[in-house]
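Here is a short report for a reader meeting this structure for the first time. Look at the model, then read on.

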Amino acid sequence: MARISAQEKEQKKAMMDEHIYQLFIKEGWDSVTYDRLAKDLNLRKSSIQAYYEKSIMFATALQGRIFPMVIQKLDLSSKEAFVESWIRAFHDENCHIFRDIVKMLLQNIIKTGSSIHSKGAVLRIEQMLAQSIGEEEAKISIKRVFGETLYSQMSV
């Protein structure tokens, strides 16, 4: 089998990244799987794994494109406003993007070998919030929204 050039590999990765992004936007994080990508792109799973060793690495295709969508849903003016806006955005039935991003972040953060980018996104939100309410209150607020998010996903 002929090897592809670095430029071809970069183009193929960009094409897969774009497909992952579009799939995420249209259908959500749960739709972004090796099987789905292989079918949609007419590739073998092993070919996709050459670019994304673990499925959680699909999140790299969203880097820089999703954070602005998340942050616009959040009210950083106070602790209460932040928590309320987070919960409202997470439970918004008309838009899955915020909810799917939070789920993806949680999955990525708790998996071994998780992406520093996912952790970094949470820290960025915390830092932005800290500018309005202070570092300690921002930490408390982030802990609260992630706790609320996890609890809301349990069958109570």
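Helix axes here are lines fitted to C-alpha atoms over the stretch in contact, and their angles run from 0 to 180 degrees between N-to-C directions. The model is predicted.

## The chain as a whole

The chain has 8 helices and 0 strands. Along the sequence, its pattern reads α-α-α-α-α-α-α-α. Its C-alpha atoms fill a box of roughly 60 × 35 × 25 Å along the principal axes. Of the 156 residues in the chain, 40% are buried. The chain exposes about 9,500 Å². Carbon and sulfur atoms supply 51% of that area.

Contacts also reach along the sequence. Take those between residues at least 6 apart in sequence: 62% of them join residues at least 24 apart.

## Two helix pairs

Two packed helices are described by the angle between their axes and the distance between the axes. The table sets out both values for two pairs.

| Helix pair | Residues | Axes come within | Crossing angle |
|---|---|---|---|
| α5 and α8 | 79–90 and 135–152 | 10 Å | roughly 25° |
| α1 and α2 | 6–27 and 34–41 | 11 Å | roughly 115° |

Start with α5 and α8. Angles under 35 degrees count as roughly parallel. The axes of α5 and α8 cross at roughly 25°, so these helices are roughly parallel to each other. Their crossing is right-handed. On the α5 side, the contact is made by Lys79, Phe82, Val83, Trp86, Ile87 and Phe90. On the α8 side, the residues include Glu137, Ile140, Ser141, Arg144, Phe146 and Ser152. By class, this contact of α5 with α8 has 9 nonpolar, 3 polar and 4 charged residues.

Now turn to α1 and α2. Angles of 65 to 115 degrees count as roughly perpendicular. The axes of α1 and α2 cross at roughly 115°, so these two helices are roughly perpendicular to each other. α1 passes α2 in a right-handed crossing. From α1, the contact takes in Met15, Met16, His19, Ile20, Leu23 and Glu27. From α2 come Arg36, Leu37, Asp40 and Leu41. The contact of α1 with α2 has 6 nonpolar, 1 polar and 3 charged residues.

## Two neighbours in α8

Ser141 and Ile140 both contribute to the contact between α5 and α8. Is Ser141 buried or exposed? Ser141 is found in helix α8. Its relative accessible area is 0%, so Ser141 is buried. Which residues does Ser141 contact, leaving aside its neighbours within four places in sequence? They are Lys79, Phe82, Leu129 and Ile133. Lys79 and Phe82 belong to α5.

Ile140 also has its place in helix α8. Ile140 is partly exposed, because its relative accessible area is 34%. Ile140 and Ile110 are 30 residues apart in sequence. In space, Ile140 and Ile110 are 19 Å apart, C-alpha to C-alpha.

## A residue in a loop

Most residues other than glycine have a negative phi. Asn42 has a positive phi of about 55°, although it is not a glycine. Where does Asn42 lie? Asn42 lies in the loop between α2 and α3, and α3 spans 45–49. Asn42 has a relative accessible area of 71%, so it is exposed.

Technical notes: Residues numbered from 1 in each chain as written. Predicted model: local features only at pLDDT ≥ 70, side-chain atom pairs only at ≥ 80, totals over all residues. Heavy atoms only, no water. Helix = DSSP H or I, 4+ residues; strand = E, 2+ residues; numbered from the N terminus. Parallel < 35°, antiparallel > 145°, perpendicular 65-115°, else oblique. Left-handed = near helix turned anticlockwise from the far one by under 90°. Contact = heavy atoms within 4.5 Å. Nonpolar A, V, L, I, M, F, W, Y, C, P; charged D, E, K, R; others polar. Buried < 20%, exposed > 50% of the residue type's maximum accessible area, 1.4 Å probe, protein only. Areas by Shrake-Rupley, 256 points an atom, 1.4 Å probe, with all protein chains shown as cover.
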